[in-house]
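Trainee: I am new to this structure, and I would like to go through a few of its residues with you. Could we begin by looking at it together?

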Amino acid sequence: MISLNIEKTFGFISKENVFAYEAQVKAAQEALENGTGKGNDFLGWLHLPSSISKEHLADLKATAQVMRDNCEVVIVAGIGGSYLGARAVIEALSNSFTWLQDKKTAPVILYAGHNIGEDYLYELTEYLKDKKFGVINISKSGTTTETALAFRLLKKQCEDQRGKEMAKKVIVAITDAKKGAARITADNEGYKSFIIPDNVGGRFSVLTPVGLLPIAIAGFDIEKLVAGAVAMEKACGKDVPFAENPAAIYAATRNELYKNGKKIEILVNFNPKLHYVSEWWKQLYGESEGKENKGIFPAAVDFSTDLHSMGQWIQEGERTIYETVISVEKTQHSLQVPSDEANLDGLNFLAGKHVDEVNKMAELGTQLAHVDGGVPNMRIVIPALNEESIGGLLYFFEIACGISGYILGVNPFNQPGVEAYKKNMFALLNKPGYEEESKAIQARL
Ligand code: PA5
């Protein structure tokens with residue numbers, strides 16, 4: 001179970017003021033539960049963990065097995081909420097180096113459809129030329145340009161390389177039940193498909209097939225992942241008293257920090273495997289809260305790596321930041337620092353210590369230094385990098401985001417601002433239907 005410690009924010013804000021949010025948190029929780037708040041048609045994620053059936057998980061696992069049996073490489077094609085959750089979990093749980101080894105126990109998972117890099121796509125298609133590969137085409141709208149473009153390339157290559165019949169087996173669609181180009185293609189081609197529920201937005205969809213299928217293909221236990229989320233659904237439920245509810249405390253603390261001029265939240269990890277959890281979190285909070293000219297800017301760093309780059313700014317730059325550290329209690333493996341007779345590097349004082357003991361002292365030392373430097377610090381402790389902990393962490397951030405967004409007074413479940421660049425891009429590319437916009441934008445250039 002995860003725990004949250006906010007003591008190192010006191011001195012910058014008071015415990016009393018954090019606890020003064022109790023009524024606002026309660027109101028937010030009730031609005032979420034009763035569906036009376038803004039964006040209430042997108043609350044399907046709220047009790048998603050506890051409503052996932054054994055049959056649904058079995059269906060996902062069966063499809064994962066087909067992909068595992070027939071593919072050396074699986075490409076997850078999706079962007080934003082349609083890929084970050086899967087990547088966050090897969091990278092948190094994977095051995096960092098097995099994908100480089102010849103003998104693999106699961107297909108290598110690669111990603112596409114999250115950029116429009118010609119070189120990236122060229123290099124990917126080149127790499128796949130002699131690979132038995134499959135594709136998961138993930139798009140709720142089914143019309144996202146980045147994803148559709150990558151899928152167009154990958155579908156053709158898969159069919160050309162593996163034949164139409166095999167392509168049908170190893171291309172899976174995860175999309176809307178009825179609408180969108182991805183649905184039409186899946187139905188026409190006879191692909192296995194899974195539905196993204198209408199009432200679950202992209203950035204809250206990691207526990208739908210969007211996240212669960214790629215995670216299962218990568219060889220991780222989706223039952224345990226969901227069980228971890230179910231445990232957090234209980235621990236963060238609306239009837240859990242404020243003081244004992246980590247999501248309530250996190251939401252209240254970040255709003256109080258924001259009110260006191262702390263406009264940037266930096267999510268910190270001391271474990272490189274958590275890099276994509278931070279990317280997922282950035283999207284969750286950035287897209288949910290950054291609107292109406294409000295919202296904390298979510299940033300992230302990987303320590304101790306970034307202590308040698310961003311560490312300076314954090315220690316002595318503008319005092320508008322606070323940190324939320326994800327601390328992993330136990331490592332998966334054990335590695336001790338060896339003794340060295342010559343001791344030329346002077347590290348014999350560490351001989352016999354586990355590497356993680358050094359890392360934990362870096363963590364503690366950094367916390368004290370940053371607090372001394374004027375940076376409030378929250379700490380989220382998870383027991384280990386395993387399915388249960390990660391499932392719990394993801395749900396914790398989701399429910400806290402819903403509460404926090406409602407306290408801020410925005411609709412945390414829409415993203416109207418994302419459309420602006422698309423409109424311009426389509427106008428510049430002369431997309432049919434954008435004739436007026438094309439004229440207007442050309443006149444500005
Ligand atoms: O959270 C969101 O809604 C977005 O990030 C979407 O997930 C992203 O834009 C991809 O959209 P789609 O799944 O429709 O391709």
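Mentor: Helices (H or I, at least four residues) and strands (E, at least two) are DSSP runs, numbered from the N terminus. This is a predicted model, in which local features need pLDDT of at least 70, side-chain atom pairs count only at pLDDT 80 or more, and totals for chains, interfaces and linings use all residues. Residues are numbered from 1 along each chain as its sequence is written, and side-chain values use heavy atoms, with hydrogens and water left out.

Trainee: Is T320 buried or exposed?

Mentor: T320 sits in the loop that runs between α13 (311-316) and β9 (321-330). Buried means under 20% relative accessible area, exposed over 50%, and partly exposed in between, with a 1.4 Å probe and protein chains only. Because its relative accessible area is 17%, T320 is buried.

Trainee: Which residues is T320 in contact with, leaving aside its neighbours within four places in sequence?

Mentor: Contact means heavy atoms within 4.5 Å. With those sequence neighbours set aside, the residues in contact with T320 are G261, K262, K263, I264 and W313.

Trainee: Where does N430 lie, and is N430 buried or exposed?

Mentor: The loop between α16 (419-428) and α17 (435-444) holds N430, whose phi is positive, near 55 degrees, although the residue is other than glycine. Because its relative accessibility is 52%, N430 counts as exposed.

Trainee: What is the omega of the peptide bond from F303 to S304?

Mentor: S304 belongs to the loop between β8 (297-302) and α13. The peptide bond leading from F303 to S304 is cis, and its omega is near 5 degrees.
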